[in-house]
Amino acid sequence: MKSTDTELKGIYQKEREGSYSLWKRAQRAMAGGVSHNIRMVDPFPFFVKSARGAWLEDVDGNRYLDFWMGHYAHILGHRPPFVANALANALTQRGYHFGLLNREEVELAELICHLVPCAEMVRFCTSGTEATMYAVRLARAATGRSVILKAKGGWHGANSDLCFGIHPPFEGPDSKGLLPKAEEGVSLFPFNDTETTKEILRETGDGLAGVILEPVMGVGGFVSADPAFLKMLREETERIGALLIFDEVISGFRVGLGGAQEMLEVTPDLVTLGKVVGGGFPAGAIAGKREILELARPGGPVLIGGGTFSCNPLSMLAGLLTLRFLESNANWLYPHLKERGELLRRKVEETGEAFGVPLRCTGTGSLFMTHLMREECQEKELRSPQDIEESTHSQWRDRELRLAMLVNGVHLLHGGGAISLAHGEKEMAFFTEALERALRVLKEGKPQ
Ligand SMILES: Cc1ncc(COP(=O)(O)O)c(C=O)c1O
């Protein structure tokens with residue numbers, strides 16, 4: 001069957017009248033109709049009514065097998081009953097925002113220090129964006145230097161310090177409205193390119209405050225950093241006297257209890273956390289060496305906080321219950337998620353092959369991303385955002401594949417997402433069947 005983009009959009013719209021009318025209102029009330037650009041869908045986003053386990057339901061009653069899982073936050077699935085019940089109880093019996101200290105924040109901080117190799121102390125905030133902003137500030141304060149090296153394509157939230165080199169061509173500011181001087185404080189390096197990055201590090205020398213990167217890179221198809229690359233970063237930052245910062249907002253507690261730093265056996269000076277750490281509620285954290293975190297104590301030289309809602313009791317409780325569950329089930333849970341991830345990546349590539357569509361599926365553990373390889377790049381290894389940009393049709397993945405999968409009841413972002421504990425055998429089979437239907441529809445329309 002041949003179905004054009006227009007036909008797919010027609011089917012999508014016909015089944016989503018309720019979402020469409022909300023969308024028209026949304027565009028009048030919010031810039032572009034959304035409050036996070038990534039939530040935009042072409043031709044219009046669907047509006048979610050509820051979520052449970054691995055499934056979403058929209059306002060028109062359409063059901064979707066979800067792999068976005070709340071920006072990868074829900075490692076146990078949407079609203080696991082033991083977390084939801086404890087929160088409902090806390091909400092009605094205890095209150096939900098004190099703006100003062102609570103027991104759970106201490107217990108969560110202690111647990112993070114116990115689980116994450118570099119964490120000797122923690123400071124909480126409410127998002128990953130704030131966490132990376134504060135990590136950069138700490139690095140500059142601790143070293144008395146200004147330059148931060150970040151990976152080309154690295155996404156650390158849209159904070160003004162790190163809003164550079166995010167999108168192709170991976171250079172310069174990604175937004176208007178930044179101070180021209182801010183650019184002097186950031187240099188960019190190519191992820192997983194050891195030699196070039198080493199040269200950049202040496203050139204920056206004693207101007208370097210720190211290096212920040214995702215050791216499992218989101219925009220890089222969730223590809224893990226090469227251990228030799230990380231080892232070089234660790235050795236060079238130590239030699240230069242700069243800090244190594246891992247942004248583990250996605251990978252923290254996701255690729256393993258101790259995050260990517262444990263998996264890849266390189267310990268940074270600071271780590272930023274988010275997503276899983278709040279158990280599905282808003283939370284971010286900066287953790288790391290005691291002497292660095294101590295700079296932020298009251299009366300200390302570095303200001304971290306503000307944050308009316310930092311350590312919100314619901315976020316702390318949800319995070320604590322989630323991390324405790326992960327800790328007590330780690331022996332089987334992480335190998336299980338990894339196995340599911342490997343199976344799914346294999347299924348994507350096999351299904352592509354069966355339909356004559358050159359798909360590659362990259363990822364680490366439960367994280368995956370699908371790519372349509374360009375004709376001339378079929379053998380190319382994908383190890384960085386630049387590789388993906390040069391060798392794949394990323395627009396096909398983000399538009400055509402996304403829409404064809406939505407129409408078939410699966411919600412993907414960047415052709416992938418994060419498998420949760422709620423994705424069972426039934427869901428895995430549903431995904432493969434939906435992919436087969438989507439590829440059948442897209443086959444004749446795929447880019448040459
Ligand atoms: C690696 C990474 N760092 C930081 C952030 C920003 O986190 P938040 O959206 O909670 O502000 C994100 C969000 O997607 C992320 O993926």
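This is a predicted model: local features need pLDDT of at least 70, side-chain atom pairs count only at pLDDT 80 or more; totals for chains, interfaces and linings use all residues.
Residues are numbered from 1 along each chain as its sequence is written, and side-chain values use heavy atoms, with hydrogens and water left out. Local features need pLDDT of at least 70 and side-chain atom pairs count only at pLDDT 80 or more, whereas totals for chains, interfaces and linings use all residues.

The domain assignment, from an automatic or database source, gives domain 1 (5-78 + 332-445) and domain 2 (81-327). Their centres, taken over C-alpha atoms, are separated by 26 Å. Contact (heavy atoms within 4.5 Å) takes 27 residues from domain 1 and 31 residues from domain 2. The buried area, that is, the accessible area (1.4 Å probe) lost on putting the two parts together, summed over both, is about 2500 Å², with 66% given by carbon and sulfur atoms. Of the area that domain 1 buries against domain 2, 26% is supplied by Tyr 334, Arg 383 and Pro 385, more than by any other three residues. One salt bridge (side-chain nitrogen of Lys or Arg within 4 Å of a carboxyl oxygen of Asp or Glu) is counted between the domains. The side chains of Arg 383 and Asp 226 meet in a salt bridge at 3.1 Å, N to O.

Two cavities of 30 Å³ or more were found in a search of the whole structure; a cavity is a set of points on a 1 Å grid over the protein atoms alone where a 1.4 Å probe fits but cannot get out, and lining residues have an atom within 4 Å of a point. The second largest cavity holds about 30 Å³, this volume being the space filled by probe spheres set on the points, which are joined across faces, edges and corners. Its lining includes His 97, Phe 98, Asn 102, Thr 308 and Cys 311.

Technical notes. On a 1 Å grid over the protein atoms alone, a cavity is a set of points where a 1.4 Å probe fits but cannot get out, and a pocket is an open set with protein on both sides within 12 Å along at least five of seven lines; lining residues have an atom within 4 Å of a point.
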